[in-house]
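Grab a pencil and work through these exercises. Each one has a task, then a solution in steps.

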Amino acid sequence: MKKINMTEASTIVGGTTTCVNSFELNLVGNATVCNAVKTCTDKNGVVTKTFTAAAIINCGSVG
């Protein structure tokens, strides 16, 4: 029996996961920070977000 990963398994059962990358400004304490946000929706409509610190220039102008 061959082991398969989640991507292969979701394809076999007829589903796919779609992801969109964006940038988002967030306020942490008194500081404004920029995060790269990866938003993924699986075949069942479940949305997950992953946040990673990014350079403030990626988020555009503040205010």
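**Exercise 1.** Leaving aside neighbours within four places in sequence, which residues is Asn 35 in contact with?

Before the solution, some ground rules: this is a predicted model, where local features need pLDDT of at least 70, side-chain atom pairs count only at pLDDT 80 or more, and totals for chains, interfaces and linings use all residues. Residues are numbered from 1 along each chain as its sequence is written, and side-chain values use heavy atoms, with hydrogens and water left out.

*Solution.* 
- Step 1: List the contacts (heavy atoms within 4.5 Å): Asn 35 meets Ser 22, Phe 23, Glu 24, Asn 26, Phe 51, Thr 52, Ala 53, Ala 54 and Cys 59.
- Step 2: Look for a polar contact, meaning a pair of N or O atoms within 3.5 Å, where within protein one must be able to donate a hydrogen and the other to accept it, and residues adjacent in sequence count only if both atoms are side-chain atoms. The Asn 35 side chain makes one with the side chain of Asn 26, at 2.8 Å.
- Step 3: Check burial (buried is under 20% relative accessible area, exposed over 50%, partly exposed in between, with a 1.4 Å probe and protein chains only). Asn 35 has 14%, so that residue is buried.

**Exercise 2.** In what order do the three strands form the open sheet?

*Solution.* 
- Step 1: The order is β1-β2-β3, with antiparallel pairing; two strands pair if DSSP finds at least two bridges between them.
- Step 2: At the edges sit β1 (18-28) and β3 (47-54), each pairing on one side only.
- Step 3: β2 (residues 31-41) pairs with β3 over eight bridges, and Thr 39 stands opposite Lys 49 in β3.

**Exercise 3.** How many disulfides does a search of the whole structure find?

*Solution.* 
- Step 1: Count pairs of cysteine sulfur atoms within 2.5 Å: there are two disulfides.
- Step 2: Take Cys 19 and Cys 40, with sulfur atoms 2.0 Å apart. Cys 19 lies in β1 and Cys 40 in β2, so the pair ties together parts 21 residues apart in sequence.
- Step 3: Now take Cys 34 and Cys 59, also with sulfur atoms 2.0 Å apart. Cys 34 is in β2 and Cys 59 in the segment after β3, 25 residues apart.
- Step 4: Count the bonded cysteines along the chain, and the pattern reads 1-3, 2-4.

How values were computed. Helix = DSSP H or I, 4+ residues; strand = E, 2+ residues; numbered from the N terminus.
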